[in-house]
Amino acid sequence: MAYRNKVYVAFDGDNDMRYYELMRGWSVKDDFEFNDAHDLHSARDSSTEESIKKV
């Protein structure tokens with residue numbers, strides 16, 4: 001069932017990537033819908049990882 005409301009999950013990509021991969025695995029194996037916000041909306045600027053972390 002598709003829901004209009006989505007939950008945004010933020011995580012530390014340097015230390016918590018294993019949990020992100022676990023959620024991706026759930027979406028393949030179980031009835032767990034998972035959408036990556038990067039796939040839904042692309043960034044409109046050319047910020048680098050370093051400039052984002054600095055802010």
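How many helices and strands does the secondary structure of the protein chain come to? I counted three helices and zero strands. Helices here are DSSP runs of H or I with at least four residues, strands are runs of E with at least two, and both are numbered from the N terminus. Read along the sequence, the pattern is α-α-α.

**Entry 1: ground rules**

I noted that this is a predicted model, in which local features need pLDDT of at least 70 and side-chain atom pairs count only at pLDDT 80 or more, while totals for chains, interfaces and linings use all residues. Residues are numbered from 1 along each chain as its sequence is written, and side-chain values use heavy atoms, with hydrogens and water left out.

**Entry 2: confidence**

I looked up pLDDT, the predictor's confidence in each residue, from 0 to 100. The protein chain averages 75, and 75% of the residues score at least 70. Among the elements, α1 has the highest mean pLDDT (86) and helix α2, residues 37–40, the lowest (68).

**Entry 3: surface and burial**

I took the accessible surface of the protein chain next, and it comes to about 5,700 Å². Carbon and sulfur atoms account for 52% of that surface. The areas come from the Shrake-Rupley method with a 1.4 Å probe; for residues, only the protein chains shown count as cover. Of the 55 residues, 4% are buried. Buried means under 20% relative accessible area, exposed over 50%, and partly exposed in between (1.4 Å probe, protein chains only).

**Entry 4: salt bridge**

I searched the whole structure for salt bridges and found one. The term asks for a side-chain nitrogen of Lys or Arg within 4 Å of a carboxyl oxygen of Asp or Glu. The bridge joins the side chains of R24 and E21, at 3.7 Å from N to O. Both residues lie in helix α1, three residues apart, which is about one turn of the helix. R24 counts as partly exposed because its relative accessible area is 41%. E21 is also partly exposed, at 41% relative accessibility.

**Entry 5: aromatic pair**

I found one aromatic pair in the structure. F11 and Y20 form this pair, which is stacked, with 5.4 Å centre to centre and 15° between the planes. Rings of Phe, Tyr and Trp (its six-membered ring) pair if their centres lie within 6.5 Å; planes under 30 degrees apart count as stacked, over 60 as edge-to-face and the rest as tilted. Is Y20 buried or exposed? Y20 is buried, because its relative accessible area is 14%. F11, at 38% relative accessibility, counts as partly exposed.

**Entry 6: nonpolar patch**

Which residues form a nonpolar patch on the surface? I listed Y19, L22, W26 and F32, with about 390 Å² of accessible area together. Patches are made of residues with over 30% relative accessible area and no salt bridge; like charges are joined within 9 Å, and nonpolar side chains (Val, Leu, Ile, Met, Phe, Trp, Tyr) within 5 Å. W26 sits in helix α1, residues 17–29. W26 counts as partly exposed because its relative accessibility is 37%.

**Entry 7: distances to F34**

V7 and F34 are 27 residues apart along the chain, and 9.7 Å separates their C-alpha atoms. For K6 and F34 I noted 28 residues in sequence and 9.4 Å in space, C-alpha to C-alpha. V7 is exposed, with a relative accessible area of 75%. K6 is exposed too, at 52%.
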